[in-house]
Amino acid sequence: MITNFDQLELAPELLRAIKDQGYTQPTPIQAMAIPEALAGKDVLGRAQTGTGKTAAFMLPTLHRLNGGEGLRALVLCPTRELAIQVAESATEYAKHLELWVGVIYGGTSVQKDLRDLKAGFDVLVATPGRLIDHLERGNVDLSQLEVLVLDEADRMLDMGFRPQINEILRHCPRKRQTLFFSATLPNDVKSLAYDSLRDPVSVEAAPSMTTADGVEQFVYLVDQKKKTGLLLELLARPGMDSVIVFTRTKVGADRLIGKLHAAGVSATVMHGDRGMKERVQALDDFRDGKARVLIATDVAQRGLDVEGISHVINYDVPNEPDSYVHRVGRTARAGQTGEAITLMSPGEIGELRAIEHHIGRELPRIEVEGYTFGAMPEDAKVPTKAEKKAVRSTRGFRMGSRAGKELSPEELEAILRVG
Ligand code: AMP
């Protein structure tokens, strides 16, 4: 394993720039991805922001371009903020080289882009929509492209950029190096990886520790109208000894407590509209085991410190990824194990994807007959038996399909090959 930048065969000018940045040693994703990219391989990198992924794709790209001329590298980013950030980092890394980095994104004057584009760049960082504008007007020529980078591919797809990316891919030479980075790998991202990468090497940054170890997390796919029914069924299962159920709203919490009581479940409720005395009482009842279930809103959970919670159930998918992490952190404290269950209706897929992006991994989906929704979004596809079998042979990656077509084990192996 590489522990020092000097062990990477990077141009001395790049090593100098790295030193200027104050980096002393490569991050794990850099140590894994840079040698492969320098060897000319396509890379499928699974990494979130903060792992050093930008340098992981930028350093080998600049090394490759060094000494040549013309637009030879394109980095696609989902947002203008990320594009600017990537371009700034790239400019820093390239500062001792004769290489120029440009950036274009929506919401600014096309005329200004045009002046910049005429100046000639070696590396262009762009958001997909604005780049398409320029490609259509003939302002950008990608025919000499050597390296294509897709950064935060999952977010680009969440933002609906797949058609634009397809169009951009059509403008890129087939013979090129592609570096593909994504925090999560749901089916649509795997499909894009399959379509854009050739015989890639797969590298993965250590999964983030944002959610407590020892918490098993699941997502139940459920019709919105059937959430209470499924909740009651879950609460009837063995081991549901001490359960916090989170709802998005106070009204939702009150409505739910009525239904639980009607079904004979011992439950209590805590939210911002309840007085201090009531809240303390609710918490005491829950702590003493008089109530097996505590219903709470996010506001109420602050400072909530209860030992031995067996399950956290999100009745609604939280709007804020941070809120998910906090809620899940209520269980499995101090080395205990616990389980976190999120009930997701079809309308909440966007919130779920944001959470998965934040925690850097996908959560397993579960369906219960009689409760799940009919037409499932592509994302929610459950793996077939064959896919599940293939999972075990590819280091725990979940299986995918593309455009409804099942990938053969060989195709999957090609996408997910671990280098
Ligand atoms: P990124 O994940 O690319 O957004 O990078 C996150 C932050 O880590 C940025 O501020 C980088 O400047 C910084 N960084 C990248 N590589 C290293 C490294 N090898 N050592 C220290 N900091 C780094």
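Reply: Start with a helix pair. Pro-128, Gly-129, Leu-131, Ile-132 and Leu-135 in α6 meet Gln-164, Glu-167, Ile-168 and His-171 in α8. Those residues divide into 5 nonpolar, 3 polar and 1 charged. The model is a predicted one: local features need pLDDT of at least 70, side-chain atom pairs count only at pLDDT 80 or more, and totals for chains, interfaces and linings use all residues. Residues are numbered from 1 along each chain as its sequence is written, and side-chain values use heavy atoms, with hydrogens and water left out.

Me: What makes a residue pair a contact, and what makes a residue nonpolar, polar or charged?

Reply: Contact means heavy atoms within 4.5 Å. Ala, Val, Leu, Ile, Met, Phe, Trp, Tyr, Cys and Pro count as nonpolar; Asp, Glu, Lys and Arg count as charged; the others, Gly among them, are polar.

Me: Why is α6 called oblique to α8?

Reply: The two helices pack at an angle of about 45°, with their axes 9 Å apart. Axes are lines fitted to C-alpha atoms, for helices over the stretch in contact, and angles run from 0 to 180 degrees between N-to-C directions. Under 35 degrees is roughly parallel, over 145 roughly antiparallel, 65 to 115 roughly perpendicular, and the rest oblique. The angle of about 45° falls in the rest, so α6 is oblique to α8.

Me: In which hand does α6 pass α8?

Reply: The crossing is left-handed. That term applies if the near helix is turned anticlockwise from the far one by less than a right angle; clockwise is right-handed.

Me: Which strands make up the open sheet that contains β5?

Reply: It has 7 strands in the order β3-β4-β2-β5-β6-β1-β7, with parallel pairing. Strands pair if DSSP finds at least two bridges between them. Neighbouring strands are turned by 15° against each other on average, direction ignored.

Me: What makes β3 and β7 edge strands?

Reply: Each pairs on one side only. β3 covers 101-104 and β7 covers 201-204.

Me: How do you know that β5 pairs with β2 and with β6?

Reply: Count the bridges. Strand β2 (residues 73-76) and strand β5 (residues 147-150) share 4 bridges, in the parallel sense. β5 is also joined to β6 (residues 177-182) by 4 bridges, again parallel. The definition asks for at least two, so both pairs qualify. Leu-76 has Leu-150 as its bridge partner. Leu-150 also stands opposite Phe-180 in β6, and Val-147 stands opposite Gln-177.

Me: Why is β6 said to be largely enclosed?

Reply: 6 of the 6 residues of β6 are buried, so the rest of the structure largely encloses this strand. Buried means under 20% relative accessible area, exposed over 50%, partly exposed in between (1.4 Å probe, protein chains only). On one side sit Gln-177, Leu-179 and Phe-181; on the other, Thr-178, Phe-180 and Ser-182. β1 (residues 43-46) runs parallel to β6, joined by 4 bridges. There, Gly-45 is the partner of Phe-181.

Me: What is the strand order in the open sheet with β9?

Reply: Its 7 strands run β10-β11-β9-β12-β13-β8-β14, with parallel pairing. The edges are β10 (267-270) and β14 (365-367). The twist averages 25° from one strand to the next. Helix α12 lies across β9, β10 and β11, at about 145° to β10.

Me: Is Thr-228 buried or exposed?

Reply: Thr-228 has a relative accessible area of 12%; that is under 20%, so it is buried. This residue is in helix α10 (residues 227-235). Not counting residues up to four places away in sequence, Thr-228 touches Leu-256, Lys-259 and Tyr-315.

Me: Why does Lys-290 count as exposed?

Reply: Its relative accessibility is 60%, and the cut-off is over 50%, so Lys-290 is exposed. Lys-290 lies in the loop between α12 (276-288) and β11 (293-296). Leaving aside neighbours within four places in sequence, Lys-290 is in contact with Ser-266 and Asp-285.
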